[in-house]
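This briefing walks through the overall build, the pockets and the nonpolar cores of one protein. Please keep the sequence and the structure in view while reading.

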Amino acid sequence: MCGICGEIRFDDKAVAPDVLHRMTTKMINRGPDASGIFTQQAIGLGDRRLKIIDLSTKAQQPMLDAELGMAIVYNGAIYNYRELREELVKLGYRFFSSGDTEVILKAYHAWGRQCVQRFNGMFAFAIWERDSGRLLLARDRLGIKPLYLADVAGALRFASSLPALVATGGLDTRIDPIALHQYLSFHAVVPAPRTILQGVRKLPPATTMLIEPDGRKQTETYW
């Protein structure tokens, strides 16, 4: 299943590793096999891993690609990753792991945010570009894999679960009355982008969000 999380800051402060530790600890049930965090000034990424495809440490997350200058955390399964890998190898890309995580990373480098159009599977992922400082968030077509968002002072946080975000503190945890109405009307369902809490939202299904270092966001529905 796996669990991902992260924070991108828009002020002059660095991401505190403790924020990531709180989120990954809260998601241990999603990924009991391994955990990892990565921080570099304004960006922090965290992961709880459930090993399924590539069981080696080469597929550990957050996955860093020094050659491309990118990092990724990812939850899901790309069923056509072998075919995509073959296509990317023909384009000149070199792989150091055998799973689908690295395929997503290199697919984004090759085809940009439209890479999601090529993925047959379920996914939620975050990719950070070292040179530009941008962060891309993406979710699969039907929203099978969750991705929750929270705006906090000077930053945006995201995680695979709502409790993981709440564990970081500083969120508006009041009940969203519209979401409560939806929850009671639609048999325990709150449609995206709302959640039951006013301070937490969901990235809608079939959506990518490109976040600039200054906090500007560009959202695109791809399906």
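What volume does the second largest pocket have? In this predicted model, the second largest pocket has a volume of about 190 Å³. It is lined by 13 residues, and L149, A150, D151, L156 and R201 are the closest to its centre.

**Overall build**

- The secondary structure of the protein comes to 5 helices and 12 strands.
- With a radius of gyration of 17 Å, close to the 17 Å that the globule rule gives for 223 residues, the protein is as compact as a globular protein of that length.
- The C-alpha trace spans about 50 × 40 × 35 Å along the principal axes of the protein, and 53% of the 223 residues count as buried.
- When contacts between residues at least 6 apart in sequence are considered, 56% of them join residues at least 24 apart.

**The second largest pocket**

- Strand 8 (148-152) and strand 10 (201-202) each supply at least two residues of the lining of the second largest pocket, and the largest share, 3 residues, comes from strand 8.
- By class, the lining of the second largest pocket divides into 8 nonpolar, 1 polar and 4 charged residues.

**The largest pocket**

- The largest pocket holds about 280 Å³ of space, and 22 residues line it, with C2, L50, I52, G76 and D100 lying nearest its centre.
- Strand 5 and helix 3 (101-111) each supply at least two residues of the lining of the largest pocket, and strand 5 gives the most, with 4 residues.
- The lining of the largest pocket is made up of 10 nonpolar, 6 polar and 6 charged residues.

**The nonpolar cores**

- The largest nonpolar core has 29 residues, of which F119, F123 and F125 touch the most other members.
- Two or more residues of this core come from each of strand 5, helix 2 (81-90), helix 3, strand 6 (121-129) and strand 7 (135-139), and helix 3 gives the most, with 6 residues.

- Is A71 buried or exposed? The relative accessible area of A71 is 1%, which is under the 20% cut-off, so A71 counts as buried.
- A71 and I127 lie 56 residues apart in sequence, yet their C-alpha atoms are 5.6 Å apart in space.

Key. Residues numbered from 1 in each chain as written. Predicted model: local features only at pLDDT ≥ 70, side-chain atom pairs only at ≥ 80, totals over all residues. Heavy atoms only, no water. Buried < 20%, exposed > 50% of the residue type's maximum accessible area, 1.4 Å probe, protein only. 1 Å grid on protein atoms, 1.4 Å probe; cavity = no way out; pocket = protein on both sides within 12 Å on 5 of 7 lines; lining within 4 Å. Points joined across faces, edges and corners; volume = space filled by probe spheres on them. Nonpolar A, V, L, I, M, F, W, Y, C, P; charged D, E, K, R; others polar. Core = buried A, V, L, I, M, F, W, Y, C linked by side-chain atoms within 4.5 Å. Rg over C-alpha atoms; globule rule 2.2 N^0.38 Å. Contact = heavy atoms within 4.5 Å.
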